Amino acid sequence: MPATTTARAAAELPGGTVDAVVIGGGAAGLSGALTLARCRRSVVVIDSGTPRNAPAEGVHGLLGLDGTPPAELLERGREEVRRYGGTVRTGEVIEAAAADPSADGDPRFTVTLADGTTLHARRLLVATGLRDVLPDVPGLAEHWGLSVVHCPYCHGWEVRDEPIGVLAVGPASLHHTLLFRQLTDDLIYFTRGTRLDEDTRARFAARSIRIVDTPVDQVVAAEGGGIAGVRLTDGQIVPRRVLAVATTMRARSAGLEGLGLPMQDLPGGMGRHFVTGMAGTTEVPGVWVAGNATDPTAQVGASAAAGALAGARMNADLATADTEAALAAAQRDITHA
């Protein structure tokens, strides 16, 4: 079958009520879908095509796949889900909500896409990921994921020994700085108006971390690409090749309000995420959440593992529901015999 035909067939949505709809086609969503599909569950993944790590050159810290480009990893995952009968569809969910349960009380949900398509599902896996909000510093966003990084575990080795600057955003930046100090001897902390007590200043001095209290005006681009440094409000340019910044991490929740999933603020104003229990369970029966939408600091490997665990628990829940429905049907048959 030609590749275009295969892709078209893969995008066709099954009719009726499917066992599970997965909202989000990143590592967590695809991993959950793969687990469900391998259990012979009918599963549809709705992928907006806007992964958090899209700007990165490679996925790091993922055993056996370190350095794999994010797009390549996701394409492999999509093909694996399809191999076991799952469906992966590019689209945007504009509304997800609980519907009337089945006659025997099994949960039901409707998922509406931006193109008007409506899906019906017994279970939902929310794996929408999160959105990183950068501080409002001119010239910063253009270099996000390349010369501007946030995670020492995702990007640290690649920026080792470079002149690095930390743009402070709040208390979280203090520990962030110590992590990046492991990677370079040339580290500058730009306070950007945040408070830095004498004890912390002493600790930074002991680790040879320079402190700049003059406000940052903008990030200066280098002629050959990347960044050249940081311009301060007094006109001075501080040379830097890499900037590290702790982002505000907000779970992507657009279109999911109708589910009534509880959310919680991260400490220090660093973001907001969905609240989950063991294996991604939520207070809403039939809905699981996995990946960065509930665990903002999870790397790709951890998100994939969480998705697989959630998928397994969803399958177990469906198996119990199937058995209860079969038992009820058998008892009705006996009654009417």
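**Entry 1: conventions and overall make-up**

I take helices (H or I, at least four residues) and strands (E, at least two) as DSSP runs, numbered from the N terminus. On that basis I find seven helices and 19 strands in the protein chain. The model is a predicted one: local features need pLDDT of at least 70, side-chain atom pairs count only at pLDDT 80 or more, and totals for chains, interfaces and linings use all residues. Residues are numbered from 1 along each chain as its sequence is written, and side-chain values use heavy atoms, with hydrogens and water left out.

I looked up the extent of the chain along its principal axes: the C-alpha atoms fill a box of roughly 90 × 45 × 35 Å. For burial I use relative accessible area with a 1.4 Å probe on protein chains only: buried is under 20%, exposed is over 50%, and partly exposed lies in between. Of the 337 residues of the protein chain, 45% count as buried. Contact means heavy atoms within 4.5 Å. Among contacts with a separation of 6 or more, 56% are between residues 24 or more positions apart.

I next examined strand β6, residues 118-126. Seven of its nine residues are buried, so β6 is largely enclosed by the rest of the structure. I count two strands as paired if DSSP finds at least two bridges between them. Strands of a sheet pair through backbone hydrogen bonds, either parallel or antiparallel.

I list the pairings of β6 that I looked up:

- Strand β1 (residues 17-23) runs parallel to β6 over six bridges, and Val22 has Leu125 of β6 as its bridge partner.
- Strand β5 (residues 108-113) is antiparallel to β6 over four bridges, with Thr110 opposite His120 of β6.
- Strand β19 (residues 287-289) is parallel to β6 and joined to it by three bridges; Trp288 of β19 stands opposite Leu125.

I also inspected the hairpin of β5 and β6, which has four residues between the strands. Gly116 takes a positive phi near 95° there.

**Entry 2: the open sheet of four strands**

In which order do the strands of the open sheet run? I read the order as β7-β16-β18-β17, with mixed pairing. The edge strands, each pairing on one side only, are β7 (130-133) and β17 (263-265). Neighbouring strands of this sheet are turned by 25° against each other on average, direction ignored; axes here are lines fitted to C-alpha atoms, for helices over the stretch in contact, and angles run from 0 to 180 degrees between N-to-C directions.

Strands β7 and β16 (residues 248-251) run antiparallel and share four bridges. Val133 stands opposite Thr248 of β16. I found Thr248 to be buried, at 18% relative accessibility. Leaving aside neighbours within four places in sequence, Thr248 is in contact with Arg131, Asp132, Val133, Gly269, Met270 and Gly271.

I noted two residues on either side of α6. Arg192, in the loop between β10 (187-190) and α6 (198-206), has a positive phi of about 50° although it is not a glycine. Arg192 is partly exposed, with a relative accessible area of 28%. Ser208, in the loop between α6 and β11 (210-212), has a positive phi of about 60° and is not a glycine either. Ser208 counts as partly exposed at 48% relative accessibility.

I checked the span of helix α7 (residues 300-336). The expected span is 1.5 Å times one less than the number of residues.

An α-helix has 3.6 residues a turn, so residues three or four places apart point the same way.

I then looked at the packing of α2 and α7: the angle is about 35° and the axes are 7 Å apart. The contact includes Ala27, Ser31 and Thr35 of α2, and Ser303, Gly307 and Gly311 of α7. By class, the contact of α2 with α7 has eight nonpolar, seven polar and no charged residues. In this scheme Ala, Val, Leu, Ile, Met, Phe, Trp, Tyr, Cys and Pro count as nonpolar, Asp, Glu, Lys and Arg as charged, and the others, Gly among them, as polar.
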